[in-house]
Amino acid sequence: MLDLSKALQFSPESLEANRKGQLSKEQAKRLAGTCFQPVFLTWLFAVAPFLVWTHITSTRQKISFLDAMPVLIHDITHVNDLFEAQGKMAGVIMLGSIVVSLAIAAIIAFRVSLAVCADVVDRKVTVQEGRVIAREETINRPNGRDPIEKYFFCLRYLTMPVNLAAYRALEAGSIYLVYLLPRSQMLVSIEPKMEDTPEMLAAQAAASSFSRGESSSTRIDDKEHAQNDQAANSDPSATQVPAQPTSLL
């Protein structure tokens, strides 16, 4: 359990929060960094070149920033006018920087998982129970380079990517409680299911009998009857019928 918690980066406090169906603050903070950072970078690369070139246009033509925005859009959509006004080299630099920046933004946007972002905002956790199997997948690469190795936890229809440390820490074929984010099905923590001890079974039986209406007074009456029966068995004279006198004819 200690090896699993280190490999999957969850603390006892986080596990306790997951048992209650909640994502802990520690987990939410860590996931937010991996989720919202690509969102910020996408927005930055998509908007920054337009802001920069709008500022440059405003400075060149000595107009306000808001007035420079329509001018920039006109220059981008009318390439010939842009080349005539600023020259081919300046026009190519402007258009090239904007296209490259938008391409980078698109590449980063494909790495953004909207499901994970929604799970982080909602902070809900679901639990699945069953036999978990660790699986390894090897992808061979050309030119004799080292193969790519991937590791997974498999629970029925679920396939959850993990690292090598988690793969080695899992006890294969055991029953586990797996805590997941509901939309993205991302694994946040895991723990082995504890078997029912005799004390737990006795407590469950007592609770079940109480729910059926067997009160303590019934058990006391049964105890009193048992004590009376035991006293009667220990005193034979108490159970003997007195002899009836016979008449002499």
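This is a predicted model: local features need pLDDT of at least 70, side-chain atom pairs count only at pLDDT 80 or more; totals for chains, interfaces and linings use all residues.
Me: Which residues lie nearest the centre of the largest pocket?

Reply: Leu-8, Pro-161, Val-162, Met-186 and Leu-187 do, out of 15 lining residues.

Me: Which element gives the largest share of that lining?

Reply: Strand β4 does, with five residues. The elements that supply two or more residues are α1 (2-8), α3, β4 (158-162) and β6 (187-192).

Me: α3 is on that list. How do the axes of α3 and α6 cross?

Reply: Read the angle between N-to-C directions; over 145 degrees counts as roughly antiparallel. Helix α3 (residues 25-61) and helix α6 (residues 88-109) have axes that come within 8 Å and cross at roughly 170°. Therefore α3 runs roughly antiparallel to α6. Their crossing is left-handed.

Me: Which residues make the contact of α3 and α6?

Reply: On α3, take Pro-38, Leu-41, Thr-42, Phe-45, Ala-46, Pro-49, Phe-50 and Trp-53. On α6, they include Ile-93, Met-94, Ser-97, Ile-98, Ser-101 and Leu-102. By class, this contact holds 15 nonpolar, three polar and no charged residues.

Me: At what angle do α3 and α4 pack?

Reply: Here the range to know is 65 to 115 degrees, which counts as roughly perpendicular. The angle between α3 and helix α4 (residues 65-77) is about 105°, and their axes are 8 Å apart. So α3 and α4 are roughly perpendicular to each other.

Me: Which residues of α3 and α4 meet?

Reply: From α3 come Phe-50, Leu-51, Trp-53, Thr-54, His-55, Thr-57, Ser-58 and Gln-61. From α4 come Phe-65, Ala-68, Met-69, Val-71, Leu-72 and Ile-76. The contact of α3 with α4 divides into nine nonpolar, five polar and no charged residues. Note Phe-50 and Trp-53: α3 uses these residues in its contact with α6 and in its contact with α4.

Me: How do the axes of α3 and α7 cross?

Reply: The axes of α3 and helix α7 (residues 114-122) come within 10 Å and cross at roughly 140°. That makes α3 oblique to α7. The crossing of α3 and α7 is left-handed.

Me: What is the class make-up of the contact of α3 with α7?

Reply: Begin with the residues. Ala-28, Leu-31, Ala-32, Cys-35, Phe-36 and Val-39 of α3 meet Val-116, Cys-117, Val-120 and Val-121 of α7. By class, the contact has 10 nonpolar, no polar and no charged residues.

Definitions and conventions
Residues are numbered from 1 along each chain as its sequence is written. Side-chain values use heavy atoms; hydrogens and water are left out. Axes are lines fitted to C-alpha atoms, for helices over the stretch in contact, and angles run from 0 to 180 degrees between N-to-C directions. Helices (H or I, at least four residues) and strands (E, at least two) are DSSP runs, numbered from the N terminus. Angles under 35 degrees count as roughly parallel, over 145 as roughly antiparallel, 65 to 115 as roughly perpendicular and the rest as oblique. A crossing is left-handed if the near helix is turned anticlockwise from the far one by less than a right angle, and right-handed if clockwise. Contact means heavy atoms within 4.5 Å. Ala, Val, Leu, Ile, Met, Phe, Trp, Tyr, Cys and Pro count as nonpolar, Asp, Glu, Lys and Arg as charged, and the others, Gly among them, as polar. On a 1 Å grid over the protein atoms alone, a cavity is a set of points where a 1.4 Å probe fits but cannot get out, and a pocket is an open set with protein on both sides within 12 Å along at least five of seven lines; lining residues have an atom within 4 Å of a point.
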